Each structure stands twice: as C-alpha cells, then as structure tokens.
Amino acid sequence: MKLAVTLAALASAVSAANEFHAMAYNPKQLKTGDCPTVDSVRDDLKVLSAYTNEVRIYSVQDCNQGEPVLRAMQNTDWKIQLGLWINKDDAVYKKDKDELLRLAGVFDFKKQVSAVIVGNEAIYREEQTSAQVAAKVRDVKQALTKLGLADIPVTTSETWPSYDKTLIDAVDYVNMHAFPFWEGTHINDAQAKAFEHIYDLQKLAGDKKVVVGETGWPDGGANFDQAVPSLANEQRYLREFICRAQLEKIDYVWFSAFDEAWKPVNNASDVETHWGVFKGDKSPKFKSPMYDCKGFVPSSKPGESASDSESSGSVDNSSEMDGLDSDLSGIYSENSSDDDSTSDALSRIGDGRLVISAVASVAGIAVAALF
C-alpha cells in the first residue's frame, strides 16, 4: 500500500511538471494561416491534451473558427474560453456576438465553455474606451442570460495598465496580460515584475478574482532592451511564473500553445513566431518534465515590486537554470530541427503587449493586431 501511494505521488508530480492551467490557441493552420477544419483542430488538441484541457481563442467568427473548435471538443472534457474580437468597427463585434449566440444554440456551452472574453487589448490599442468595452461586456452577459447561460463568466482581456473602475465593475473577473519581455525586463527580474502587476490589480479589483489572461516569453528574435529571447529564458520564465502561480493559486493562460509561422512581420520586432511551447511541427520545445517546482522560491514577496526584491536580497533562482544555454540538448526534445526558425514575425507591439513603461522607445509605430 505504501508503495502504491508513493508511485501515485510520483506520477502526480510528473504530471504537474507538464501541466498548464490553460493555453492561448489559434486554430489556423500553423504554417499557412489557412482556416481550421474539425480534423486539424482534433490533431492540435491531441498534442495539447498531455499538457492542458483548456484553451483560449480570440474570435468565434474569424475564419469560422468557433464551430470547428467546439465540434472537435464534443464528448470530451476540454474547456474553452471563447473570444469576441473588438476593434474600431463595431460591426466586427456584432458579427462575433451573433456567431456566439448561434453557437450557443448548437453546442453545450454549460459543459464546454469556461468563459467568454469580449475583446482583446482594444483599450490598449486605443480602438475603444473602457466605457465602450464595459458596455459590450454587459451586452454579452445580458444576451447569455436570456439563453439560460448566466453562469458563464464574461470578461475582457487587457494589459494591466488598461484596467480602471469602469471596466472592473463590468467584468465577472479581471483578465490581465503581463509580458515582462515587452517592458524590456531582464530575465532575472521577470517573475517579480509579472507578480508586481498582479498584486497591483488585485488591490484595484477588490473582491473580484484576477486572472492572468496572457503571459509568456519568446525563444527567438531580437532583444527588447534588457529582455533577451532565448530557449533558456523561455523555459526559465515558464518555470518561475508557473511555479509561483501554482503556489499563490493564480489562474493563467500561457501564451502560447504553438509557434505560428503564418504571422507576418513589421519593422518593429521579429519575435511573434517564437512564443509557443510547441514548435511549428507540433513537437515540444522542451523535454519532459517541462518544469520542476522542486526547490522553487519566489524572487519577491506579495506587495513587493521587482526593484524592492533586488534591494532586499530576495532569492534568485537563476543558478538552478545554469547550463541551459550551453547544453540545449537538455532542453530541446528529440528531433529538434525547427522549420519555422527563419520565419518572419509580427511584432507583439502590434498586439498591444508593450506596456506603458516601454511605449516611448517605439513611439510612432502603428501596427494592427492579427490573430
């Protein structure tokens, strides 16, 4: 009996070291950007099923992606956060909302849908005000309530500085994006920087839950100030963020599931195709276990800023990651050739992940978010 318990504990530990609360997922074909089919989505979900059982998509009507994803999830335990896209043209929102309500009449939303996310960084991109997004959140909540789906949480998704009382009052939970990379943060300080923003929003949110709707680190492309994209840094940030999120019971969506070679590039950055946990051929970037929380200690304390943690001598976990750059065979899975390594990339700046502290360094660059 003791042996059985020990083996069960070991199996649980290994599973946790590959487990993600949820992943950001674009169901378009990874290399071409062609629209998804039910079979292509099933293939993707088969790959992801060993790591998570929940994904987030950004639009239900773009490329008609809502239906094949929901159909591929039928009769499974998969959960999905359904997104509605918002930009300056409210007709885009209306199309997504209409498709959402149509899908609600076809699929079992109570079983499959964990949340509806109305908009993605529309405030950050200055395409909508917080009042406009809040009105759309309430509009969707009212429509779902009429269909008997009032229990499905409705929120939006924004960079952490974009939230104000108007928006917080409208959402069922606060869904924030935290990208220390786009603040030009050194990897040593990235974990503390992300949680500094979480704590700030928790204070602002009061009794409402704060979820990290996107976070991640790229493994390739150009440096951004002190932030260096590399495979070792991606795995280090992954480990430190997830272990701390588990410790502090913070739900999150990891950005992202796959490298997406179809995304175009502009002259602002070239990292956009490098955020995935899986490469363009759907093989994992890291050997199992992807992370190990044994011995992990947070680099800062609740309520402490990244700069405070530096001055107070808080724990630095970097020594546990020594050797990663010099021994990439310990990180890459077998057959690690990456066909997408030379692909051009769309700047994450265009998606709005660049937060206020870094805006000045790229002033004047105007790009559109693509998903």
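In which hand does H2 cross H3 as it passes? The close-ups below take this up in a predicted model, where local features need pLDDT of at least 70, side-chain atom pairs count only at pLDDT 80 or more, and totals for chains, interfaces and linings use all residues. Residues are numbered from 1 along each chain as its sequence is written, and side-chain values use heavy atoms, leaving out hydrogens and water.

**View 1. Helix H2 (residues 38-48) packs with helix H3 (residues 66-73).** Helices here are DSSP runs (H or I, at least four residues), numbered from the N terminus. The angle is about 55 degrees and the axes are 8 Å apart; axes are lines fitted to C-alpha atoms over the stretch in contact, with angles from 0 to 180 degrees between N-to-C directions. H2 and H3 are therefore oblique to each other (under 35 degrees is roughly parallel, over 145 roughly antiparallel, 65 to 115 roughly perpendicular, and the rest oblique). And the hand? H2 passes H3 in a right-handed crossing (the near helix is turned clockwise from the far one by less than a right angle).

**View 2. Here's the contact of H2 with H3.** Val-38, Val-41, Arg-42 and Leu-45 of H2 meet Pro-68, Val-69, Arg-71, Ala-72 and Met-73 of H3, contact meaning heavy atoms within 4.5 Å. Sort these residues and you get seven nonpolar, no polar and two charged (Ala, Val, Leu, Ile, Met, Phe, Trp, Tyr, Cys and Pro are nonpolar; Asp, Glu, Lys and Arg charged; the others, Gly among them, polar).

**View 3. Helix H4 (residues 90-104) crosses helix H6 (residues 130-146) at roughly 20 degrees.** Their axes come within 11 Å, and the angle makes H4 roughly parallel to H6.

Note on methods: Helix = DSSP H or I, 4+ residues; strand = E, 2+ residues; numbered from the N terminus.
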